[in-house]
Amino acid sequence: KDHVYDITNFIDSHPGGRAMIAMAAGKAVDPFWDVYQIHSESRDAHELLESMKIGRLSPEDVVTSQPKQDFFDGEPQRSPLMTIRSRKPFNAEQIGRAV
């Protein structure tokens, strides 16, 4: 939103790795959490981020976010023989035989 966080001590502990979290450095986190939705749904993630809050942007420094982009548009059609676990990102299992 309009807060500033110091994640210096957390970077190396991020489960997705240092490079993954560094992609959001200096930017709004919302677009990344739209893609990696486990963060949005996790109370632990929100509480952890809250503990790293160090300030608030002034209204003139807040950048209006771009319209949400669906990174999963254009996914290929999947086999109906699969058991779908999640659609975005797509995760499924083939039924009936080991791969």
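User: Is Arg43 buried or exposed in this model?

Analyst: The model is a predicted one, and the burial classes rest on relative accessible area, with exposed meaning over 50%. Arg43 has a relative accessible area of 62% and is therefore exposed.

User: What does Arg43 form a salt bridge with?

Analyst: A salt bridge is read from the distance between a side-chain nitrogen and a carboxyl oxygen, with a cut-off of 4 Å. For Arg43 the partner is Glu47, and their closest N and O atoms lie 3.3 Å apart. Both residues belong to helix H3 (residues 43-51), and because they are 4 residues apart there, about one helical turn separates them. Glu47 counts as partly exposed, at 47% relative accessibility.

User: How many salt bridges does a search of the whole structure find?

Analyst: The search finds 6 salt bridges. One of them joins the side chains of Arg56 and Asp2, at 3.2 Å from N to O. This pair links distant parts of the chain, since Arg56 is in strand S2 (residues 53-56) while Asp2 is in the segment before strand S1 (3-5), 54 residues apart. Arg56 is exposed, its relative accessible area being 58%. Another salt bridge is formed by Glu75 with Arg78, whose closest N and O atoms are 2.2 Å apart. Here Glu75 is partly exposed at 40%, and Arg78 is likewise partly exposed at 32%.

User: In which sense do strand S3 and strand S4 pair?

Analyst: Strand pairing is read from the bridges between two strands, at least two being needed. Strand S3 (residues 82-87) and strand S4 (residues 90-94) pair in the antiparallel sense, over 5 bridges. A hairpin of 2 residues joins S3 to S4. Within this pairing, Thr83 stands opposite Glu93 in S4, and Met82 stands opposite Gln94 in S4.

User: Let us turn to strand S1. Which residues is Tyr5 in contact with, leaving aside its neighbours within four places in sequence?

Analyst: Contacts are read from heavy atoms within 4.5 Å. Tyr5, which is placed in strand S1, is in contact with Leu49, Met52, Lys53 and Ile54. The C-alpha atoms of Tyr5 and Ser51 are separated by 8.7 Å, although the two residues are 46 residues apart along the chain. Tyr5 counts as partly exposed, at 27% relative accessibility.

User: Which residues make the nonpolar surface patch?

Analyst: Val4, Ile54, Leu57 and Val62 make a nonpolar surface patch of about 290 Å². Ile54 is found in strand S2 and counts as exposed, at 59% relative accessibility. Ile54 is also one of the contacts of Tyr5.

User: By contrast, is His14 buried or exposed?

Analyst: Buried means under 20% relative accessible area; His14, at 14%, is therefore buried. His14 is found in the loop between S1 and helix H1 (18-22). Not counting residues up to four places away in sequence, His14 touches Met20, Ile21 and His39.

User: What share of the residues is buried in the protein?

Analyst: Buried residues make up 12% of the 99 residues. The protein exposes about 8300 Å², of which carbon and sulfur atoms supply 54%. As for contacts with a separation of 6 or more, residues 24 or more positions apart account for 40% of them.

Terms used. Residues are numbered from 1 along each chain as its sequence is written. This is a predicted model: local features need pLDDT of at least 70, side-chain atom pairs count only at pLDDT 80 or more; totals for chains, interfaces and linings use all residues. Side-chain values use heavy atoms; hydrogens and water are left out. Buried means under 20% relative accessible area, exposed over 50%, partly exposed in between (1.4 Å probe, protein chains only). Patches are made of residues with over 30% relative accessible area and no salt bridge: like charges are joined within 9 Å, nonpolar side chains (Val, Leu, Ile, Met, Phe, Trp, Tyr) within 5 Å. Accessible areas come from the Shrake-Rupley method with a 1.4 Å probe; for residues, only the protein chains shown count as cover.
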